[in-house]
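Please keep the sequence and the 3D view at hand while reading.

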Amino acid sequence: MKRDTRKGTALALLASAQWGATGVWVALLRDLPTGTTLVFRFLTATLLLTALLALTRAFRRPNRAALEGGVLLAAYYVLATVGFYLSDVVTVSLLVATSPFFVMLLRVLRREGLRGREVLGGLLAFAGVAVVVLLGGPASGESHLVGDLCGLGAALVMALYSRAGDRLRGQGWNVVWIACALGLLVSVPFADPVAAVPDGRQWLLFLGLAAFSTLAPGYLYPLACQHISATSATVVRLSTPFFTALFALLVLGSALGVQHLFGAPLVLLGVYLTLPRGAATR
């Protein structure tokens, strides 16, 4: 059991590092129009996953839950990508990590009881988000604020997606394929028809984004949840903004801002406190 726990934690940590690199891949593609990046991100991921499923003969008939999950995951990918385009990558990664806070808000709407610790966590997370957005936005203009709102929108969509729970068991690759294919269809009308086709360097970036930060963590994270609880895996996922900050510093040369230094501890501590506890947690 101890070995399984370590394995699950290591897999969740690896998936978090791969998700943390997403914003850096997108930032390196900012010389392309947003719509073009969306189209080629989804196209590359769809082709890679189709080839993988064909080679492994892992195609399964999708159920209704997989279709619904695919729609939500596609929305998440679109919002997160646009957010990374318009705002700084560390801020958006931090805002996306607030999805457990939105899970708590959904529980409030469903009139489910909350513990005092969860309420405190919600207040801290809200305060942290306010610090990150208000201190980071004015100097960067309206587009920065739109990017931050997309990050929060991605967190909300991920919270809705997480509510699917066991209904998506065994449908993981179906959900990812549907999300990528649907994202491609939705993004095509917004692509710039006169934009240049990606060059060799940009194709490599799209391959990295699709394989390293989309498909690989999509496989590793559910695998991690087979060895540790969903709550434990979510706690490990809180490391994602730290990996984003590290990659942004090493690759983009972007240092943390005041809003990150003051807001990140509030957000991450608050989100941690909103996570459910107890034997009922799966």
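Of the 282 residues in the protein chain, 49% are buried, where buried means under 20% relative accessible area, exposed means over 50%, and partly exposed lies in between (1.4 Å probe, protein chains only). This is a predicted model, in which local features need pLDDT of at least 70, side-chain atom pairs count only at pLDDT 80 or more, and totals for chains, interfaces and linings use all residues. Residues are numbered from 1 along each chain as its sequence is written, and side-chain values use heavy atoms, with hydrogens and water left out.

The protein chain has 13 helices and zero strands; helices (H or I, at least four residues) and strands (E, at least two) are DSSP runs, numbered from the N terminus. Among contacts in the protein chain with a separation of 6 or more, 90% are between residues 24 or more positions apart, a contact being heavy atoms within 4.5 Å. The accessible surface comes to about 13,900 Å², by the Shrake-Rupley method with a 1.4 Å probe, and for residues only the protein chains shown count as cover. Carbon and sulfur atoms hold 69% of this surface.

The largest nonpolar core has 44 residues. A nonpolar core is a set of buried Ala, Val, Leu, Ile, Met, Phe, Trp, Tyr and Cys residues joined through side-chain atoms within 4.5 Å. Helix 4 (64-86) is among the helices that each supply at least two residues of this core, and helix 4 gives the most, with nine. Y77 is one of the residues with the most contacts inside the core. Leaving aside residues up to four places away in sequence, Y77 touches R41, F42, V176, A179, C180 and T214. A second, separate core of 18 residues includes L152, A155, V267 and V271.

Aromatic rings come next. The whole structure contains eight aromatic pairs: rings of Phe, Tyr and Trp (its six-membered ring) pair if their centres lie within 6.5 Å, and planes under 30 degrees apart count as stacked, over 60 as edge-to-face and the rest as tilted. F101 and F102 form an edge-to-face pair, 5.5 Å centre to centre with 70 degrees between the planes. F101 counts as buried because its relative accessibility is 11%. W203 and F206 lie three residues apart in helix 10 (residues 200-224), about one turn of the helix. F206 is buried, with a relative accessible area of 0%, whereas W203, at 32% relative accessibility, counts as partly exposed. Ring pairs link F40, W203 and F206 into a cluster.
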